[in-house]
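Visitor: I am new to this structure and would like to know what stands behind the terms used for it. Could you take me through them?

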Amino acid sequence: MSDVSQPTAHPPVTDWVHDFDHTDPRWTADPFPIWDQMRKASPVVHTDRFLGCYMPTTYEAVRQIAHDTEHFSSRRVIVRDERPEVAKNAAPPITSDPPEHKPAKQLLLPPFTPDAMKKLEPRVRAICNELIDGFIKDGKVDAAARYTKHIPVRAIAHMLGIPESDGDLFIKWIHMILELSIKNEAVLGQAVQEMTAYFTGHIEARKKNPGDDLISYLMNARDKNGQPLEDSHVLGSLRLLLIAGIDTTWSAIGASLWHLARTPSDRDRLIADPSLMPTAIEEFLRAYSPVTMAREVVKETTIEGCPVKPGNMVLLSFPSANRDSAMFPDADKVVLDRKENRHSAFGLGIHRCVGSNLARMEMQVAIEEWLKRIPDFRLDPAGTVTWSQGTVRGPRQLPILFGKA
Amino acid sequence: MPMAGKLKVHVDPDKCQGHARCKALAPELFTLDEFGNAHEVGDGSVPAGLEDKAWLAKANCPEIAIEVTED
């Protein structure tokens with residue numbers, strides 16, 4: 001059928017509570033008032049778009065669903081216009097449910113502990129400074145294109161033991177999988193095919209010459225029966241690390257710089273008191289959480305009294321949960337020294353982001369090194385800030401001028 | 001100031017998902033295993049002067065996995 005890959009039309013939204021669309025340009029540009037409006041109306045809302053989809057709007061509703069793996073499956077974690085067949089070993093453990101989830105997750109955890117990240121930190125600090133060297137003399141930069149994008153790409157490439165210079169390839173695949181494929185299914189298959197071919201080459205090379213990188217680590221890992229992982233499992237995990245590890249942190253660093261570019265008082269405060277940095281990073285994660293996931297209902301149940309049936313999709317908006325004033329006083333304000341911050345930017349429950357320690361380290365190092373070398377900066381009024389659409393939200397164009405206004 | 005009893009912290013291993021917030025906020029009181037999941041140091045007794053850190057760790061655990069009890 002030739003019309004299978006035709007993109008579905010998305011008419012502009014006129015009623016966010018009954019007909020929401022997380023790909024609408026207004027949602028992409030400024031979702032916060034939309035979420036507030038939805039949350040005020042109901043703890044769970046529905047749209048007929050995307051073959052029918054629910055969205056919990058409150059922290060409590062999001063928390064309940066994230067913890068309920070019996071009724072809500074992770075076999076589909078992106079809400080799309082179509083429902084392609086679920087692939088085996090799509091991207092374990094993010095697409096796994098119990099009981100397969102735990103062994104797949106435990107395999108990935110040891111390389112991502114805070115101690116492991118400390119060893120990677122000097123390389124990330126050097127990457128940040130190499131990038132800044134490249135544009136600091138220009139007096140201005142598109143920080144999304146020349147700074148925030150490259151930090152996670154190079155860091156994950158370094159961990160995987162693949163050339164940092166292949167970064168542009170990874171970024172192309174991620175764009176195809178997370179943005180274009182929502183409305184054009186064929187793009188997904190093409191991206192997965194290209195990634196599989198790329199990583200198969202690196203796996204074959206390590207069969208001859210084993211290394212001490214993350215790809216070799218996965219190839220040497222054993223499952224619970226003491227058997228090596230199937231190649232498809234190794235490939236799925238590599239896909240996950242690449243997809244989940246890059247534009248997420250790119251977005252989080254970018255949103256933090258965007259905030260600091262517009263808020264001189266917060267910039268001055270962080271420079272005057274660098275000990276605020278860890279709580280500031282947590283607050284940026286809360287206020288500008290990049291990642292929205294999804295679940296598929298597999299057993300009849302209710303969300304805050306609203307009945308849902310097997311086959312229904314649920315848009316799991318951690319970013320909206322983190323703006324819920326019932327959970328966070330002054331939820332719409334960025335409070336750099338917020339004392340209690342149980343934000344859900346990295347998810348809640350068994351699917352807590354495996355790379356959260358990596359993301360935090362990259363964010364802190366990226367902001368620290370930037371502030372050391374470019375303490376004064378502002379948005380370039382001649383440029384336009386643009387944000388990515390869909391599952392991961394962050395600045396994709398971030399024109400910045402250096403120095404005081 | 002009223003005499004407070006000695007505090008103890010405990011991480012519920014069934015609830016902990018390895019966010020590692022407690023270790024960041026109170027490294028004297030929590031330790032992480034090879035998977036990055038948290039456990040209290042020793043029997044969880046909170047040395048004098050670290051009480052605030054114990055409460056802070058509890059208040060920032062996204063999984064509500066930390067108990068603070070008074071003897």
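Guide: What follows takes up the interface, the sheets and some details of the backbone.

Visitor: How do you know where the coordinates come from?

Guide: This is a predicted model. The values discussed here are computed from it.

Visitor: What makes chain A and chain B neighbours?

Guide: Contact here requires heavy atoms within 4.5 Å. By that rule, 20 residues of chain A are in contact with 18 residues of chain B. The area buried between the two chains is about 1,600 Å², and carbon and sulfur atoms give 51% of it. A:Lys339, A:Arg342 and A:Arg352 supply 33% of the area that chain A buries against chain B, more than any other three residues.

Visitor: Why is the pair B:Arg21 and A:Glu282 called a salt bridge?

Guide: The term asks for a side-chain nitrogen of Lys or Arg within 4 Å of a carboxyl oxygen of Asp or Glu. The side chains of B:Arg21 and A:Glu282 meet at 3.6 Å, N to O, and this is within the cut-off of 4 Å, so the pair counts as a salt bridge. Between chain A and chain B the count is 1 salt bridge.

Visitor: Which elements give two or more residues to the side of chain A that touches chain B?

Guide: They are helix H3 (59-67) and helix H15 (356-373) of chain A. The residues on this side of chain A divide into 6 nonpolar, 8 polar and 6 charged.

Visitor: What makes S1 and S3 of chain A edge strands?

Guide: They belong to an open sheet of 5 strands with mixed pairing, in the order S1-S2-S8-S5-S3 of chain A. Strand S1 (44-47) and strand S3 (72-73) each have a single partner strand, so one side of each is left without a neighbour in the sheet.

Visitor: Why does the pair A:Lys299 and A:Glu70 count as a salt bridge?

Guide: The closest N and O atoms of A:Lys299 and A:Glu70 are 2.7 Å apart, within the 4 Å limit, so this pair qualifies too. The pair links distant parts of the chain, 229 residues apart. A:Lys299 is in the loop between S5 and strand S6 (301-303) of chain A, and A:Glu70 is in the loop between H3 and S3 of chain A. Over all chains the count comes to 33 salt bridges.

Visitor: What makes S4 and S12 of chain A partners?

Guide: S4 and strand S12 (residues 399-402) of chain A are joined by 3 bridges and run antiparallel. At least two are needed, so the strands pair. One bridge partner of this kind is A:Pro399 in S12, for A:Asp142. The sheet is open, with 3 strands in the order S4-S12-S9 of chain A. Its twist averages 25° from one strand to the next. Helix H11 (residues 231-262) of chain A packs on the sheet and touches S9 and S12.

Visitor: Which residues are joined by cis peptide bonds with omega of about 5°?

Guide: One such bond joins A:Pro92 and A:Pro93, and another joins A:Pro98 and A:Pro99. A:Pro93 lies in the loop between S3 and helix H4 (101-108) of chain A, and A:Pro99 lies in the loop between S3 and H4.

Notes
Residues numbered from 1 in each chain as written. Chains lettered and ligands numbered in written order. Predicted model: local features only at pLDDT ≥ 70, side-chain atom pairs only at ≥ 80, totals over all residues. Heavy atoms only, no water. Buried area = accessible area lost by both parts, 1.4 Å probe. Helix = DSSP H or I, 4+ residues; strand = E, 2+ residues; numbered from the N terminus. Nonpolar A, V, L, I, M, F, W, Y, C, P; charged D, E, K, R; others polar. Axes fitted to C-alpha atoms, helices over the stretch in contact; angles between N-to-C directions.
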